[in-house]
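Work through these exercises with the model on screen. Try each task before you read its solution.

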Amino acid sequence: MDKWNRELLDKYCREYSVGIVGFAPPGEESLVGAQLKGFPLFIHTNLRLKDAQLNAASPILRLTRAGETAWGALPGGDWTIFQANHSTYEPLAWAHRNTLDFSNNRNPLATVVQDHGRYDGIQRVLFGGGLRFWLHKLLLLDSISYLSHGQLSLSLNRMILVDVDDIFVGEKGTRLKKDDVLALLATQQRIQSLVTGFKFNLGFSGKYFHHGTFEENLGDDMLLENVDRFTWFSHMWNHQQPHLYENVSHLQSDMALNKQFAKKHGIPTATGYSVSPHHSGVYPVHEGLYEAWKKVWSIKVTSTEEYPHLRPARLRRGFIHRNIMVLPRQTCGLFTHTIFIERYPGGRDKLDESIQGGELFQTIVYNPINIFMTHMSNYGNDRLALYTFESVIKFIRCWTNLRLSSAPPLELGERYFQLYPEELDPVWGNPCDDPRHQKIWSRNKTCDQLPRFLVIGPQKTGTTALYTFLSIHPAISSNLPSPDTFEEIQFFNGKNYYKGLDWYMSFFPAGKNESLRFLFEKSATYFDGDLVPRRAHALLPKAELITILLSPARRAYSWYQHTRVHGDPVANNYTFHSVITASDTAPKPLRDLRNRCLNPGKYAQHLERWLSYYTPQQLHIIDGEQLRQNPVETLHELQRFLKITPAFNYSSHLRYDPKKGFFCQVTNEDHTKCLGKSKGRQYPPMDDKSYKLLQRYYLSHNTALVKLLKRLGSRTIPQWLKDDLTDTVMT
Ligand SMILES: Nc1ncnc2c1ncn2[C@@H]1O[C@H](COP(=O)(O)OS(=O)(=O)O)[C@@H](OP(=O)(O)O)[C@H]1O
């Protein structure tokens, strides 16, 4: 960094008490005692280190506990260590030389140092080797918390639930015997002293009860003798995947059998939690599962690894659908077939690495609420799950100050969504984008029932005309009409989104005929909906977007007239001018109408939001005036954009109707079919005062639109836009 920038940065840090976290980059040249420019601090580079320890007296330690010695080599051979001759520096972590030369490896070497700011007034934490070493990842969290004066701090509370799936499901020879159940209880008791309220949560499919060997059946009995010492949740009676049931009543009967089994054996049935075999039907959603869960079991919470289906586990999210909370589920690295340590993928070292600072350890460090998935088979044989959980919990207690506890799933769900309210709403993705999702999605469903392009609005720009003209095209098919919103589905904005993907897909005809090549949907309300681009992109990332723009002032006025005709009392009681000039203290209905008149016309702002999800190549902008005056040419350009060949010639299908004053669909030589009287209405022209006010109001937005169009490579600027800008200069 040059001198001037450095001085500026230092001044900023001093003035606003901003700390710096620094990392020494590895270099090819090995330095011995080189001074860091401008600091009384010296570095040695390219060292191999081992046996890390922390400075228990450091004020930085918060989440991290000084623990003992982390024995063994630190990853990599290019560590930088720090030496100082100023009291501002205090080591935060040490290690030792990893050489065979004994004279050389006794002194602790500082791998992370704190600069208290006594030298130049700036507090720093300097790391000598990136974040490859797990302990240093924890120190980074604490450094950020310390240097931000506590403002960027993770809570220290962590909740853990361990689901033991398929407690009665398993081949003979892989199931629990009495000894295994005793070990389960004994480990549970030991974990309870470290994790408040901990109980293993057992998932059952009653059909397989007593399906083991004689000894294994005694194990099943012992589980039931201790029914109160565990918590329980229901699977399907026969462990069948719910998405395979097209008929909800079959699904319900299956669940009812499991409930009868539970009642017969004193297993609690009111926990409100269930898990679906193989995650089937939870996400992608099988509506029948949600319906049956609610009806038979009053389910309120479930968990899955599939939303989204990705690693690391700590990045998974939750959502709520039909009032059922879906929580992200974590994996601990043990799967149904991981039953012997010597067959653990990568061997015992790999499992220990995950426990001792690796993936499993970090899952708990970064996740306030952890629901782990394990299987019965992990508790028999080598009892790998018992080893894994007890070890990781002890390791957490040794190296962190995290407070561990457990609670029933319902409580976990409520806490989860208090912590992450932004996750309440689902974001539906396309099940066909992930082969794993396709496996747990009904075979009767197809991704062909999704649109290829969207006409996104805004309202009152001619979207119905475009929709109608496109529907004439032999290779283009629109959605089926909605009983509530007519030709529009309005899925991605508003409440319809919560009805789910099946509901959306039901609007698109299935089949493989020619007219389904280009399925599309138009909902004019999409254009300015805050959440719409994100949601649309999650489901239809490859879709093309069509928008129509015309003078925002004209659009606002058309909208006002539209609401008057629809009997909106506010529009009927206030003039257009009083609506658009309503202040922020005006009554809410008036402010709402003002916003709905004005906001969609901030075109550049809304387009930028779409462009933060879609590429410019996916966006086609239609000039609303051109659509009105020359729809044939407009549709020709649109077909070129959509790469529809052969292009359909609209000239013999659209004709100007002097009575309507618009282009209409040709029905025969003498007749045309025009849009209804709600499109192309007769109303008095806008008053001059409102017109001028709107031109000024939209000046900055229109200027931004010109810039955006140029950036997108538009060769021509629409005439209305040029006129709007000139009119503003003139007034
Ligand atoms: N061919 C044709 N026929 C009828 N109307 C046409 C046509 N082309 C464009 N327009 C203009 O479309 C305006 C209505 O826009 P929308 O269909 O987008 O309105 S809506 O948001 O769906 O309510 C409508 O607005 P108003 O004139 O204010 O009624 C028309 O100006």
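This is a predicted model: local features need pLDDT of at least 70, side-chain atom pairs count only at pLDDT 80 or more; totals for chains, interfaces and linings use all residues.

Residues are numbered from 1 along each chain as its sequence is written, and side-chain values use heavy atoms, with hydrogens and water left out.

**Exercise 1. Find the span of helix 3 and the helices its buried residues pack against.**

Step 1. Helices (H or I, at least four residues) and strands (E, at least two) are DSSP runs, numbered from the N terminus. Helix 3 covers residues 178-192, which is 15 residues.

Step 2. The expected span is 1.5 Å times one less than the number of residues. Helix 3 reaches 21 Å from its first C-alpha to its last, close to the expected 21 Å.

Step 3. Buried means under 20% relative accessible area, exposed over 50%, and partly exposed in between (1.4 Å probe, protein chains only). Among the buried residues of helix 3 are Val-181, Leu-184, Gln-188 and Ile-191.

Step 4. The buried residues of helix 3 pack against helix 4 (214-225) and helix 9 (384-399).

**Exercise 2. Describe the largest nonpolar core.**

Step 1. A nonpolar core is a set of buried Ala, Val, Leu, Ile, Met, Phe, Trp, Tyr and Cys residues joined through side-chain atoms within 4.5 Å. The largest has 139 residues. Helix 9 gives the most to this core, with 10 residues.

Step 2. Trp-232 is one of the residues with the most contacts inside the core. Contact means heavy atoms within 4.5 Å. Leaving aside neighbours within four places in sequence, Trp-232 is in contact with residues including Ile-167, Phe-204, Leu-223 and Pro-268.

**Exercise 3. Locate the disulfides and state how exposed their cysteines are.**

Step 1. A disulfide is a pair of cysteine sulfur atoms within 2.5 Å. A search of the whole structure finds two.

Step 2. Cys-432 joins Cys-447, S to S 1.7 Å. Cys-432 lies in the loop between helix 10 (409-419) and helix 11 (435-439), and Cys-447 in the loop between helix 11 and strand 19 (453-457), so the pair ties together parts 15 residues apart in sequence. Cys-432 is partly exposed at 27%, while Cys-447 is buried at 17%.

Step 3. Cys-664 and Cys-674 form a disulfide, with sulfur atoms 2.0 Å apart. Cys-664 is buried at 1%. Cys-674 is partly exposed at 27%.
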